[in-house]
Amino acid sequence: MRKLDNLDVTAKLVLAVGAGAAIYLIAVPLAMLLFAAFRGPGDYLPFEPGARWTLQHIRALFTDPVIYTRILPDTFIFVAGTVVVVFAIGFGLAWLIERTDLPGREIWFAFILFPLLVPTPVLAIAWIFLMGPNAGWLNLAIRATLGLDGPGPIDIFSMGGLILCQALASAPFVFLLLSATLRTMDPALEEASGTSGASASTTFCRVTLPVLLPGVLAPLILITLITAEQFELPLIIGLPAKINVFSYRIYFELNPLSGLPNYGAAAALSLPFVVLGVLLLLLYNRLIKRADSFVTMTGRGYRQRRLPLGAWRIPALALATLYVALAAVLPAAVLLWTSLFGYALPLSATAADFSLEAYRQLFANRAFWLGLRNTFLVALASALIVTAIGALLGWIISRSQLRFRHVLDFVSVLSVGIPAVIAALGVMLLYLSLPIGLYGSVGILIIAYSYRFATTTRLARAGFLQIHRELEEASAASGARWIATLRRVLIPLMLPALSAGFILLFIVGVREFTMPLVLYSQDNVVLSVLLWQLFQSGQPALSAALASIIVAVVLPVIFVARRTLARRTLAE
Amino acid sequence: MLTVKGLSKSFPTIEGAVRAVDGVAFCVAQGQCYALLGPSGCGKTTILRCVAGLERADEGSIAIGGRVVSDEDSFVPVHERSIGMVFQSYAIWPHLDVFDNVAYPLEVERPRVARAEIEKRVGDVLALVGLQTMARRPATRLSGGQQQRVALARAIVRRPSLLLLDEPLSNLDARLRDSMRRELSMLIRQIGVTALFVTHDQVEALSLADRVAVMDQGRIVQEGAPADIYQRPKSLFVARFLGAANVLAGRVEERDCQGRVRIALDGGGHRLTLVAQHRPGARVDVVLRPEDLMLSALAPADERNAISGRIVALAFQGSSVEYEVDVGGSALLRVLARPQADLSRGTPVWIGIDARRVAIFDRAEGSVAVDSV
Amino acid sequence: MAPWLRRAATVCGAGAVAMMLMSGAAFAQWQDRAKVTELYAAAKKEGQVIIWGTQRREVDWIPAAFGKLFSGIDVQFLGDNDIAVKAIAEARAGRHQLDVYQSSLTGILPVVQRDLLTNVDWSAFGIDARNIAFDGRMAYTSNIVYTAAYNNKLAKDADAPKNWMDVLDERYKGKGASSTFLLPRLIGGLGLAWGEDKALQFARDIVAKANLLLTRAPRESLLQSGERVYAFGEIDSLIRAVAAEGLPVSQVVPEPVVVGQFGATIMKNAPHPNAARLLAGFLASAEGKAARLQATSQADYGPTSDNEFAKALHSGRMQVVWDRPDNMVAREALFGRAAAILTGQSR
């Protein structure tokens with residue numbers, strides 16, 4: 001391990017900047033959260049004169065009966081149900097793609113990631129079109145084939161429907177994390193079980209599952225936290241079904257149907273989230289360490305052996321097709337259709353309804369081009385910053401002997417626990433008060449986006465594990481300073497892991513809309529905000545056209561992503 | 001104990017199907033230790049995996065203990081064969097400790113083995129490999145050498161009829177390798193199990209095995225006891241693979257009625273008189289092992305099989321010295337001898353050749369291109 | 001030509017000219033007044049004006065329309081639901097970006113309460129005193145009424161509710177959708193006509209019985225696909241706009257008629273005060289209202305409007321709840337409680 005005094009001044013500076021930036025980016029949103037939670041009363045903004053320190057929000061949180069009788073149970077069922085379903089889908093798909101000889105793996109991989117590209121409200125509308133109890137296309141088809149009467153049989157406006165939709169939307173993320181885990185398991189472990197006399201099922205239960213368990217539980221915990229934070233689908237699909245989850249309550253306080261947003265109440269509601277998040281993430285960290293120790297032990301440099309599917313090939317393909325159809329193909333079809341045909345329905349539309357007008361209007365709109373430029377700028381810049389910070393933090397945490405590194409570890413993991421809207425509020429208030437001219441510019445978006453570096457830090461740490469310390473030491477022994485080692489040895493070797501993180505961040509950055517909505521100004525409009533505005537103002541063809549364009553633009557990125565995201569770490 | 005007949009397996013590649021194993025047949029008797037030796041890609045690991053049941057051969061049959069486990073019509077899956085296998089990466093399960101790793105084969109056995117019995121047997125086998133104090137250590141905290149012993153213990157705990165080892169020593173560092181080699185040899189004899197192992201290291205093969213099969217490109221090219229193969233290689237490939245070899249090119253000049261030929265070596269104008277089958281005019285390769293050559297500053301009495309030269313370099317190796325001697329040809333002759341004070345760089349010397357310790361191959365047939373050690 | 005015809009033609013012609021002169025005169029009236037021309041000159045020097053509104057649609061037609069009358073001033077706009085917070089936060093930080101603020105009465109409440117607006121002499125723009133509120137801080141620009149919309153391929157005019165209480169009927173069960181944003185506002189207005197208790201009970205009954213699809217998403221897509229047949233508590237101008245785009249939807253106005261009021265205001269520390277006054281005045285003027293109607297289908301139903309429906313509203317034949325500064329606070333309090341009930345945040 002590198003002691004601090006083996007590093008030269010430049011190295012120390014770079015590391016200090018990285019660590020400092022990380023803490024700063026987290027500290028602001030967190031401080032804002034804590035500050036707002038204790039300021040009231042509710043009709044004053046936290047920073048206004050007239051606001052005082054108060055416990056009223058905390059008290060309200062604990063004494064409101066609706067929270068205990070409706071919100072907590074609903075949230076629990078929603079999160080538990082979603083996690084189970086998303087895990088089943090994600091694990092199943094990851095297994096098929098990574099461990100069997102399913103044909104066309106590259107294509108499946110790209111399709112499975114599709115829901116990541118599409119803003120959630122758009123997915124929700126598409127699914128309502130498909131599974132609405134009265135007129136959903138799937139329901140119409142099923143009713144016609146089986147001769148049933150409506151409404152139903154599938155009712156999207158139910159807890160089951162909500163869980164299904166949330167699982168479909170979150171599956172790509174779980175899929176990515178689980179495939180990474182499955183890829184790192186040495187097949188010899190299962191073969192050794194076979195030669196020891198254990199049958200295939202015994203091997204699965206006694207070797208495969210336990211070895212994979214830490215690497216599988218960790219993403220599970222992450223997805224639990226992320227699901228608890230989701231509010232778009234509970235808003236659009238859950239609310240009509242009278243499902244009342246925690247995140248919606250926060251949203252409700254922030255987007256009141258009367259008066260000003262009640263930041264105090266929203267912040268107070270977020271506190272349990274953060275606490276829960278911290279607890280879960282501590283657990284997550286331990287699991288990750290255990291998973292990593294398994295990986296280092298089983299070594300590197302083995303060939304992946306794939307299970308031949310044989311007769312199971314058809315059902316496997318069917319399942320994969322079903323997921324891709326529901327989550328990717330059908331929503332895309334709905335989008336495309338609406339953008340070209342507007343209000344006309346598929347069965348009754350005529351050629352006259354076809355029109356490229358929506359696209360024409362979009363391309364003529366100055367805000368569109370500005371939004372396009374800004375979206376790319378912000379997504380790329382923030383992805384770059386976060387990847388850099390993640391790499392530096394990863395090095396500090398896994399390679400240095402600084403005691404401080406545990407703090408950094410904790411800080412990086414904390415970033416997942418802070419809801420995006422609170423982070424955005426924090427950023428907004430800070431830069432309103434500072435005399436730097438960042439407010440209202442693209443720069444403030446870049447800063448706001450850059451606080452989520454938990455995933456890249458994790459990926460960077462995993463990447464560093466795979467690089468033998470001696471490679472760094474050889475560079476130092478050859479006379480290179482730390483920066484040169486970083487540039488010539490570490491970064492090239494880490495490139496696969498870093499690229500994966502970068503691409504994920506880019507995609508998330510394109511889709512992000514809570515933060516740019518809070519920080520919106522004329523100059524920093526991004527496509528997701530534009531989409532939301534068009535969507536809210538009831539111009540379906542335009543918003544569908546914009547959504548289609550967003551997808552079309554980011555789709556090639558996914559194919560590139562396959563190469564880097566699927567690439568085995570360094571053992572190839 | 002193990003009978004393999006007509007084994008063949010092909011793998012599809014971009015250029016078309018490659019025959020990794022091409023009609024291989026051999027037998028391993030009860031209690032014997034058998035080695036498949038060859039360079040990487042020669043098919044030895046594939047054969048091992050077929051015997052284990054981890055892969056299925058395209059043609060041929062395999063029988064273990066008289067029972068056919070694999071042929072054209074039938075295939076006994078891996079977990080039903082009575083084998084123990086040590087993997088190249090050891091494949092120690094990271095989520096279990098040493099005891100549980102070793103006990104695993106007994107725990108999955110049906111009908112169930114009693115707990116007390118398991119504990120006894122595991123304890124015995126751990127003692128055998130010298131790990132009795134580490135029974136409860138988590139697998140993630142074992143060194144390479146310790147992992148290897150755990151792998152071995154696990155493979156033998158259920159007293160299999162056949163022990164399979166995939167490059168057992170290649171992952172260890174040099175010093176560990178030597179000591180482990182001795183231990184492994186002792187252990188295998190001690191428990192009397194039949195063993196088949198594959199390796200590319202000829203020292204490993206020659207020292208551990210009772211019989212060695214040398215493989216090249218999917219076929220067995222020579223099989224026999226270690227000493228036999230070493231001293232009487234049947235091809236240049238085998239000669240080169242099994243130890244250091246000096247290869248001198250030459251031409252047969254004449255043959256007398258007693259079956260002796262005179263061979264003129266290329267470069268240097270030396271002549272050797274040896275017993276051989278080759279006819280005059282044939283181009284041949286003469287293989288001389290460094291340790292079979294005698295080095296002296298004085299000319300020998302019988303000059304018939306002596307070559308003169310000059311020492312170009314020497315490397316002290318403790319109990320012996322390796323001399324490099326320039327005899328006028330394109331390559332240097334290497335000689336392994338005891339240290340002698342009067343021999344140093346530049347000294348003119350005579351190299352004596354024992355006619356009984358020379359191998360001669362036709363240039364046309366021996367695998368000239370392939371280099372081994 | 002027959003003598004009577006010639007006389008008629010002359011009368012018509014004269015009448016036409018007179019009308020033109022009168023309207024022209026009316027037109028010439030405020031635009032050419034000295035005050036306004038002075039203002040225009042000063043505004044041109046400022047060169048820019050920034051207007052905010054709650055929906056992009058409400059503001060993105062303005063640059064073109066304003067530019068027709070008063071060219072040379074760059075109009076920048078922002079449309080977003082959190083405008084009040086932004087305005088307040090920015091004012092507090094001493095950053096004054098905003099000139100003109102366009103909003104509903106309830107939306108402007110927090111801004112008014114913090115004394116961030118300035119009052120203006122609106123008479124220069126020919127604006128009637130009845131269209132001014134908050135001591136001259138706001139001039140009314142347009143109205144909305146809450147309607148019940150329906151997919152006219154699946155239902156007829158006669159099927160739609162005539163009274164808001166009808167929404168609880170069995171025949172609408174499971175067939176209606178509403179906006180989480182608009183329905184509470186409607187109920188807030190209804191409370192003024194029915195009394196608080198009845199209105200809140202109405203909200204509770206909707207949750208318990210009506211199986212209404214409450215959503216933030218545009219109801220048009222639900223109507224379009226036929227997933228729901230009715231949308232209760234829609235805005236008349238929006239429905240008109242989507243019908244014009246081809247959606248098979250019509251609407252009726254159930255009683256009591258709940259009217260919403262929108263207006264324009266000017267910020268106290270506006271960076272471009274003259275341009276701000278000019279723009280606000282334009283928006284509240286007859287021309288501004290006409291341009292708005294054409295662009296967004298939002299009409300003016302105030303006392304000075306010559307719109308048919310406005311006249312009906314003022315005739316006394318219908319029960320109407322007007323949106324006024326004096327009932328603003330009560331209305332808002334009520335619809336906050338209705339919102340909590342409808343979204344399940346309270347009972």
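Guide: Among the two pairs of chains that touch, chains A and C make the most contacts. Two residues are in contact if their C-beta atoms, placed from the backbone, lie within 7 Å. This is a predicted model, in which local features need pLDDT of at least 70 and side-chain atom pairs count only at pLDDT 80 or more, while totals for chains, interfaces and linings use all residues. Residues are numbered from 1 along each chain as its sequence is written, and chains are lettered from A and ligands numbered from 1 in the order in which they are written.

Between these two chains, 46 residues of chain C are in contact with 39 residues of chain A. On the chain C side, the elements that give two or more residues are α3 (56-59), β2 (74-79), α5 (83-92), α6 (105-113), β8 (213-215), α9 (219-225), α10 (236-244) and α14 (325-342) of chain C. Helices (H or I, at least four residues) and strands (E, at least two) are DSSP runs, numbered from the N terminus. The largest share of this side, six residues, comes from α5(C). By class, the side of chain C that touches chain A has 18 nonpolar, 16 polar and 12 charged residues. Ala, Val, Leu, Ile, Met, Phe, Trp, Tyr, Cys and Pro count as nonpolar, Asp, Glu, Lys and Arg as charged, and the others, Gly among them, as polar.

Chain A also touches chain B, with 21 residues of chain A in contact with 21 residues of chain B. On the chain A side, two or more residues each come from α8 (187-195), α9 (200-229) and α12 (263-298) of chain A. Of these helices, α8(A) gives the largest share, six residues. The classes on this side are 10 nonpolar, nine polar and two charged residues. Chain B and chain C do not touch, and their nearest C-alpha atoms are 47 Å apart.

Contacts within chain A come next. Helix α9(A), which gives residues to the side that touches chain B, also packs against α3(A): their axes come within 10 Å and cross at roughly 135°. Axes are lines fitted to C-alpha atoms, for helices over the stretch in contact, and angles run from 0 to 180 degrees between N-to-C directions. That angle makes α3(A) oblique to α9(A); angles under 35 degrees count as roughly parallel, over 145 as roughly antiparallel, 65 to 115 as roughly perpendicular and the rest as oblique. The crossing of α3(A) past α9(A) is right-handed. A crossing is left-handed if the near helix is turned anticlockwise from the far one by less than a right angle, and right-handed if clockwise.

From α3(A), the contact uses T75(A), V79(A), T82(A), V83(A), V86(A) and F87(A), and from α9(A), L220(A), I223(A), T224(A), T227(A) and A228(A). An α-helix has 3.6 residues a turn, so residues three or four places apart point the same way. The contact residues of α3(A) and α9(A) are seven nonpolar, four polar and no charged.

Helix α3(A) itself spans residues 65-99, and its 35 residues reach 49 Å from the first C-alpha to the last, close to the 51 Å expected at 1.5 Å a residue. The expected span is 1.5 Å times one less than the number of residues. The helix bends by about 35° at I71(A), and a proline, P73(A), follows within four residues. The bend at a residue is the angle between axes fitted to the seven residues ending there and the seven starting there.

Chain A has another packed pair, α15 (residues 366-399) and α16 (residues 405-414), at an angle of about 135° with their axes 9 Å apart. That makes α15(A) oblique to α16(A), and their crossing is left-handed. L393(A), I396(A) and I397(A) of α15(A) meet R405(A), L408(A), D409(A) and S412(A) of α16(A). These residues are four nonpolar, one polar and two charged.

In chain B, helix α2 (residues 98-107) and helix α3 (residues 115-129) pack at an angle of about 125°, with their axes 10 Å apart. They are therefore oblique to each other, and α2(B) passes α3(B) in a right-handed crossing. F99(B), V102(B), A103(B), L106(B) and E107(B) of α2(B) make the contact with I118(B), R121(B), V122(B), V125(B) and L126(B) of α3(B). The contact has eight nonpolar, no polar and two charged residues. In the loop between α2 and α3 of chain B lies P111(B), which a cis peptide bond joins to R110(B), with omega about 5°.
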